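Hi,

Here is the structure I promised to send over.

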Amino acid sequence: MLQGLRPWLRRGVLALVAVLSLRLLPSTWCSRNAATVWADDAPSLRAMATGVDHWRHGQLTATALLTGSARFDGEWLFGTYLMAGLGYGHSAIAHPAWRDEYVGAMEHCIDQLLSERVRVFDRDAWRHDPLEDLGSPRAHAAYLGYLDLLLGVHRKLDPDSRYADLHDRISDHLAALIERSPIGLVQTYPGETYPVDNTAIFGALALHQRTAGADHRAALATARLAIVRFQDSSTGLLVQSVDPGSGRWVDGPRGSGTALAVYFTSFWDEAVSLALYRAQQQLRRDVLGFGTMREYPSGVDGRGDIDSGPVVLGVSISSTGFSLAGSRIHDDRDTFEALFATATLFGAPIDRDGARNFALGGPLGDALMFAMLTARPAATWSAP
């Protein structure tokens, strides 16, 4: 068909085809499985769960994660079991026939989280064991806040949860400290306060209120004021860290914290989660059809850290990966497919023997992708 065109026009058409192919084909190939994951396709979810089973049943230790920091290694070990448990919970809600099996998998994850070897990272930071410290002035948000959220998801699936008493005690402990806090936030570690960690607590308290009939209205009213206070007024993004006494910003608005807060606040208040998600969209940058998210607002440059992962040309691995959950929660399929293509390109998923693992992510990467790719709409958590 091109033979009848003038040579210069034919070359132009061929160049255009080449550009469009470069623009579309790689990202199209990498996003080819996005539709099945978006639709909660049973084989896709089962493959991710089976991939995580490998780590869950293995001899996973903090030292195997090798971040170079004993605390961060401990956080990553904790995060692996936490995100695996959330992924199993999401999948059990998506496929009720799997409920008994995946509630059992969640319980294995919770038991690991309760073990001394996993909670040692938090105990070493506070010089007090988090489970023995309930009722104290110490929040232990790095451990108790996230654990409490998983306990709430478990209790939603199993109202007779064997962890019910612990769930009640942790929730009451955190609610009391939120209410008494001069800034509406509690400390992750001594002298360190991160709003995103507190959003996990807010989600956990709302879930506890619904599943256990508790009354956390005062704490959640305080939480609502804190969210407003620690959103950057010009971007709407969540501030990354603040001084625990004065509330002064220590680290400004960031993509990674905001993206993860979109997920956590979806357990609490859909409108709050949606506002954060919309704010985060200003960070989106697409390259040849691959969706990415910046770590810092436009005009602000910064280096990567343990929260963001590597930052390359302003783009953050964590901000990009965590945003998969937000796009699912808020029914944004276009963003989901673009981000999924990027996750496939850089995560290098491998399907083998019915399991899907992300070759470049390791245990935490597999667990995170499992949780983020199966995140439920916010209405899930407010439903009876």
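**What I found**

Let's start with Y263: setting aside neighbours within four places in sequence, Y263 is in contact with L86, H90, A325, I329, M372 and A375. Do keep in mind that this is a predicted model.

Y263 also turns up in the largest nonpolar core, which has 105 residues. Along with Y88, L324 and L373, Y263 touches the most other members of that core. Helix 7 (residues 141-157) gives the core its largest share, 11 residues. As a general point, nonpolar side chains in soluble globular proteins tend to be buried together.

Now the aromatics. The count comes to 12 aromatic pairs. One of them is F202 with W268: the ring centres are 5.5 Å apart and the planes sit at 65°, which is over the 60 degrees needed, so this pair is edge-to-face. The pair links distant parts of the chain, with F202 in helix 9 (residues 195-212) and W268 in the loop between helix 11 (255-265) and helix 12 (270-280), 66 residues apart. Both partners are buried: F202 has a relative accessible area of 1%, and W268 comes in at 8%.

Another pair is F336 with F340. Here the centres are 5.9 Å apart and the planes are at 40°, so the pair counts as tilted. These two are four residues apart in helix 14 (residues 333-347), which means that about one helical turn separates them. F336 is buried at 0% relative accessible area, and F340 is buried too, at 7%.

R46 lies over the face of W98, 4.6 Å from the ring centre. R71 has its charged end over the ring of Y189, 4.0 Å from the centre of that ring.

Finally, the whole chain. The protein chain has 16 helices and eight strands. Its radius of gyration is 21 Å, close to the 21 Å that the globule rule gives for 384 residues, so the chain is as compact as a globular protein of that length. The C-alpha atoms fill a box of roughly 80 × 45 × 40 Å along the principal axes. Of the 384 residues, 56% count as buried. Among contacts between residues at least 6 apart in sequence, 65% join residues at least 24 apart. The accessible surface comes to about 16,400 Å², and 57% of that belongs to carbon and sulfur atoms.

Cheers

Notes:
Residues are numbered from 1 along each chain as its sequence is written. This is a predicted model: local features need pLDDT of at least 70, side-chain atom pairs count only at pLDDT 80 or more; totals for chains, interfaces and linings use all residues. Side-chain values use heavy atoms; hydrogens and water are left out. A nonpolar core is a set of buried Ala, Val, Leu, Ile, Met, Phe, Trp, Tyr and Cys residues joined through side-chain atoms within 4.5 Å. Buried means under 20% relative accessible area, exposed over 50%, partly exposed in between (1.4 Å probe, protein chains only). Contact means heavy atoms within 4.5 Å. Rings of Phe, Tyr and Trp (its six-membered ring) pair if their centres lie within 6.5 Å; planes under 30 degrees apart count as stacked, over 60 as edge-to-face and the rest as tilted. A charge sits over a ring if NZ of Lys or CZ of Arg is within 6 Å of the ring centre and within 35 degrees of the ring normal. The radius of gyration is taken over C-alpha atoms; the globule rule is 2.2 Å times the number of residues to the power 0.38. Accessible areas come from the Shrake-Rupley method with a 1.4 Å probe; for residues, only the protein chains shown count as cover.
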